[in-house]
Amino acid sequence: MTDQEVPIDIVLRKAETLGLRIQRRSDGYQVQCPAHDDRTPSLGVSEGDDGRALLVCRAHCDTEDVVAGLGLTMADLFPDNNHSPATSSRSSPAAPAEYVYRRPDGSESFKVVRRRGKRFHQQRKVGEHWESGGSPEATSLPYNADKIADAERVMVVEGERDADTVERVWGDVATCNAGGAGKWKTAHAEHLRGKDVVVIPDQDAPGRKHSDQVVRSLRGVARSVRVLHPVQGCKDVTDHVEAGYGFDDLRDENESPATGRRSRITWASEIEPEPVTWAWLDEGQGRIAAGTQVIAAGREGTGKSSFGITMGAKISRGTLPGNLHGTPRRVLYVTVEDSWAHTLVPRLIAAEADLSLIGRFDVVTEEEADGALSLPHDNDLLEAEIIANDVALVVVDPLMSVIGLKIDTHKEREVRSALDPLSRIADRTGAVVLGIAHFNKSSGTDVSNMITASGAFKNVARAIFGFARDDEGRVMTQTKNSLGRDDLPSLSYALTPIEIPTRKGTATSVRFDFTGASARSVGDILREAKADTDPDESAERDFTVKWIRDYLLDQGGSAPFSDVVSAARNVDIPERTLKRARLRAGVTSKRTGFQRGATWAFDEPHSGHRAGGVPVRGPDGPNEPHESPGTAGQGHSGHSGHPSDAPRVTGPVDGPDGAAVCNHCDRSSPYPLINGWCRSCAYPSGTDSPYRED
């Protein structure tokens with residue numbers, strides 16, 4: 001190198017000699033990279049403050065390979081009287097680099113030796129000597145453990161060289177684990193308990209996966225965790241520093257400034273498949289997956305909010321069947337409608353929640369005033385609290401109330417700008433986000449489509465539960481289960497009044513109790529309600545009920561089911577409508593022998609009652625229900641049997657020996673019916689459902 005020629009001129013001269021394309025930029029040059037097949041110049045060439053030449057390839061080529069492709073040496077990148085190759089963290093010294101791992105008390109445990117070509121081996125300290133071989137502490141002792149205790153902020157990087165770069169240039173304590181990506185353990189995370197942690201991942205698939213592993217291990221351990229990335233084109237923090245960038249230039253992946261957008265491809269072969277982790281298992285089948293967004297929807301007074309309270313209470317005690325069972329976890333509750341003192345705390349007490357693990361989430365303004373959560377503006381605040389407090393469930397009641405004021409809740413794209421980031425928060429933290437939603441004013445019967453406002457609410461959620469009630473009781477139906485079975489039975493439930501003693505007197509509250517599998521779905525209840533208000537539906541139903549009664553009276557009070565169907569077909573009554581009207585007509589379906597056809601007959605002629613203990617509307621209004629034989633106290637395995645305001649009858653029970661009769665095949669079944677059908681009809685051969693009758 002001549003006295004007049006500076007390092008950047010040497011690089012450009014060599015590039016020109018090799019015929020590489022060179023483009024002038026405001027911050028330097030863009031050159032075709034000689035280390036890979038570069039059709040569009042991707043090698044950034046600029047001059048550092050100390051006069052050295054800075055080379056950064058957007059294709060992540062090693063600096064050593066780029067220099068070799070130019071026909072230069074690493075020494076050519078440095079001015080004679082400034083930094084030498086021996087002091088550059090990117091140089092490749094002849095002597096190996098050694099990184100000593102010290103215990104918190106400063107004593108030496110083992111060291112990692114890096115040789116040219118990224119070849120590593122370990123040596124352990126034995127007495128006063130070093131011996132080849134790994135140390136048992138390599139799986140638990142992080143780099144710079146002796147400096148972590150006194151640091152408020154600690155940066156986690158992927159390698160020892162990066163850790164040294166951070167400390168040398170920025171003055172921060174940085175750490176890593178021995179062995180590179182994928183070797184971080186929970187024992188390493190314990191050294192960071194109570195610290196503010198910044199994770200700076202390498203910009204490749206193993207680096208991103210390693211970063212996710214580190215973040216998961218720090219939940220409930222570190223005081224705060226942020227993930228920041230080197231600028232585009234830098235493969236790690238050392239590249240970032242050597243390109244002349246500082247800490248403030250690191251990118252938060254949650255931010256999308258116009259100049260910071262970048263593309264990223266992860267090949268499917270790099271993604272490890274995993275089974276679904278279920279936060280709630282019902283009879284061994286998954287209903288709510290961990291790390292997902294869930295919707296509970298219904299009209300006012302159906303108990304959907306009490307369902308959220310019950311889920312939170314069970315999680316706080318560790319009694320919810322699923323991956324959280326046996327491990328009490330924290331729950332955050334976001335609400336703007338209900339009073340904590342008058343409503344929520346009494347309900348939590350009624351549900352036997354551990355109140356010390358239920359947190360009220362508020363946003364405090366600069367004026368120290370309590371404000372409401374606003375999505376997506378407060379995403380970072382919510383995620384930070386979930387991580388810091390190891391939260392397993394966040395209940396937002398109602399979900400609509402936290403959507404930002406500038407978002408039109410009837411436009412799907414705008415609503416998704418709030419809900420999609422919320423789903424990513426759930427996925428990153430493993431917490432379930434349960435949003436409570438209201439039905440709209442329509443008279444529809446599709447639960448998902450009845451959720452108020454934009455379709456984004458039903459599209460983003462991975463699970464949707466509908467809630468409804470009528471004179472017969474209360475029913476919950478799962479209408480969406482993206483990660484599990486979509487054939488799970490509906491469940492009946494009750495809101496049991498509970499008195500709560502307080503220092504100021506007795507407070508009255510309710511407890512949400514599941515009472516068993518339901519023969520009806522929420523859709524059935526909505527259809528019945530629609531028939532009561534829709535003249536056409538009501539007329540069709542009433543006509544069919546009257547026709548069934550008249551026909552059976554003409555036949556002496558009973559007739560084979562096949563004859564009923566044939567006669568109904570002659571007057572254009574579909575078989576499905578006929579079966580739905582049977583109970584309202586006060587008719588039972590019975591069999592007199594094995595595999596013989598069913599016979600329809602009046603349960604009690606003109607009694608005005610439906611079979612199965614379900615009241616029907618008589619001329620003077622609804623009659624009181626009566627209990628069918630064999631149905632008293634029936635429950636559903638795995639659900640509590642608390643006293644309730646809903647009947648325990650799980651289906652029309654009017655067959656031989658008190659067995660239920662299917663509305664589809666008219667055969668008796670010893671099991672509760674699923675929406676009026678026996679299990680064999682509801683889940684025919686080939687559906688592989690655990691609810692099938694073999």
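A word first on where the values come from. This is a predicted model, in which local features need pLDDT of at least 70 and side-chain atom pairs count only at pLDDT 80 or more, whereas totals for chains, interfaces and linings use all residues. Residues are numbered from 1 along each chain as its sequence is written, and side-chain values use heavy atoms, with hydrogens and water left out.

Let me begin with the chain as a whole. The protein chain has 17 helices and 35 strands, where helices (H or I, at least four residues) and strands (E, at least two) are DSSP runs numbered from the N terminus. Of its 694 residues, 50% count as buried; buried means under 20% relative accessible area, exposed means over 50%, and partly exposed lies in between, with a 1.4 Å probe and protein chains only. If we take contact to mean heavy atoms within 4.5 Å, then among contacts between residues at least 6 apart in sequence, 59% join residues at least 24 apart.

Now to the interior. In soluble globular proteins, nonpolar side chains tend to be buried together. A nonpolar core here is a set of buried Ala, Val, Leu, Ile, Met, Phe, Trp, Tyr and Cys residues joined through side-chain atoms within 4.5 Å. The largest such core has 40 residues, and those with the most contacts inside it are Ile-295, Leu-373, Ile-386, Val-394, Leu-399 and Leu-419. Helix H11, residues 412-429, supplies the largest share of this core, with 6 residues. Apart from it lies another core, of 35 residues, including Ala-313, Val-395, Met-476 and Phe-514. To return to Leu-419, and leaving aside its neighbours within four places in sequence, this residue is in contact with Gln-293, Leu-399, Ile-403, Ala-456, Phe-457 and Val-460.

Phe-465 sits in strand E23, residues 463-470, and is buried, with a relative accessible area of 0%.

Next, the helix pairs. Two packed helices are described by the angle between their axes and the distance between the axes; the axes are lines fitted to C-alpha atoms, for helices over the stretch in contact, and angles run from 0 to 180 degrees between N-to-C directions. Helix H10, residues 379-388, and H11 have axes that come within 11 Å and cross at roughly 20 degrees. That makes H10 roughly parallel to H11, since angles under 35 degrees count as roughly parallel, over 145 as roughly antiparallel, 65 to 115 as roughly perpendicular and the rest as oblique. The contact joins Asn-379, Leu-382, Glu-383, Ile-386 and Ile-387 of H10 with Pro-421, Leu-422, Ile-425, Arg-428 and Thr-429 of H11.

How are H8 and H9 placed relative to each other? Helix H8, residues 304-317, and helix H9, residues 340-350, pack at an angle of about 55 degrees with their axes 9 Å apart, and they are therefore oblique to each other. Ser-305, Ser-306 and Ile-309 in H8 meet Leu-344, Arg-347 and Leu-348 in H9.

Finally, some details of the backbone. The peptide bond from Leu-375 to Pro-376 is cis, with omega near 5 degrees, and Pro-376 lies in the loop between strand E20 (370-371) and H10. Another cis peptide bond joins Asp-397 and Pro-398, with omega about -5 degrees; Pro-398 is in the loop between strand E21 (391-397) and H11.

Two residues other than glycine have a positive phi. Asn-144, with phi near 65 degrees, lies in the loop between strand E8 (129-132) and helix H3 (145-148), and is buried, with a relative accessible area of 7%. Asp-572 has a positive phi of about 65 degrees and is placed in the loop between H15 and helix H16 (575-582). Is Asp-572 buried or exposed? At 71% relative accessibility, Asp-572 counts as exposed, whereas in helix H15 itself, residues 561-570, Phe-561, Val-564, Val-565, Ala-567 and Ala-568 are buried.
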